[in-house]
Amino acid sequence: MKISDLKGISSTFCMHKIKMEDEFKPVVEPQRRLNPTLKEVVKKEVLKLLEADMIYPISDSVWVSPVHVVHKKGGMTVVRNDKNELIPTRTVTGWRMCIDYQRLNSATRKDHFPLPFMDQMLERSAGQAYYYFLDGYSGYNQITVDPEDQEKTAFTFPFGIFSYRRMPFGLCNAHATFQRCMLAIFADMMEDTLEVFMDDFSVFGKSFDS
């Protein structure tokens, strides 16, 4: 099969399926305590996801995962420690809501779709005249979760239980699904004028017109 043969089958590849191991037990985890500040962070994120129709309320899922909140990391800065040494430190710009899918991921059959080798990507882009580096903004969230598997993505927090219609971060096979989808969509450009690694896109060419 040539890479170009993948063109036109993106609708088949661009759906996330959660295949379970032969022997697994569904797990319903209780919600975790959140202080008032973090509870408000989660509430705002859930309302935003509901408005975007990315999640929906659910009450009968046999899989339920808890939410937790982590720091949003920004750029690097230098701070002075107790010994008057300058230490590089990553700044914290806010909070990010995540779903703890550890139990679900441990029971999920792993997708071993390969990611490209970084050194080969750099070799193909070397010597080009033009480069564009693009970030796939909310790229994972553009991929639909198979309707049969959506209830497995259910998460709980103080205001209810919800499942994802679109692929969230945190699922163990999300990066493989995304890479497969991008390869199918951009098959005629891949390794020629485009490289994709996770949700980072590198566009290059020897002329602006190309």
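Reader: How much space lies in the largest pocket?

Author: This is a predicted model, in which local features need pLDDT of at least 70, side-chain atom pairs count only at pLDDT 80 or more, and totals for chains, interfaces and linings use all residues. Residues are numbered from 1 along each chain as its sequence is written, and side-chain values use heavy atoms, without hydrogens and water. On a 1 Å grid over the protein atoms alone, a pocket is an open set of points with protein on both sides within 12 Å along at least five of seven lines, whereas a cavity is a set where a 1.4 Å probe fits but cannot get out. With volume taken as the space filled by probe spheres set on the points, the largest pocket holds about 840 Å³.

Reader: Which strand gives the most to the lining of the largest pocket?

Author: Lining residues have an atom within 4 Å of a point, and the largest pocket has 26 of them, with Glu45, Lys48, Arg96, Ser138 and Asn141 nearest its centre. Helices (H or I, at least four residues) and strands (E, at least two) are DSSP runs numbered from the N terminus. Helix H2 (36-51) and strand S4 (86-99) each supply at least two lining residues. The most, five residues, come from S4.

Reader: How many residues of the lining of the second largest pocket are nonpolar?

Author: The second largest pocket contains about 290 Å³ of space. Its lining comprises 14 residues, and Pro114, Leu115, Pro116, Leu183 and Glu191 are the closest to its centre. Ala, Val, Leu, Ile, Met, Phe, Trp, Tyr, Cys and Pro count as nonpolar, Asp, Glu, Lys and Arg as charged, and the others, Gly among them, as polar. By that division, two lining residues are polar, three are charged and the nonpolar ones number nine.

Reader: What volume has the largest cavity?

Author: The search of the whole structure finds one cavity of 30 Å³ or more. Among the residues that line the largest cavity are His16, Leu104 and Cys172. The volume of the largest cavity is about 40 Å³.

Reader: Why does Leu134 count as partly exposed rather than buried or exposed?

Author: Leu134 is found in strand S5 (residues 130-135). Buried means under 20% relative accessible area and exposed over 50%, with partly exposed in between (1.4 Å probe, protein chains only). Leu134 counts as partly exposed because its relative accessibility is 45%.
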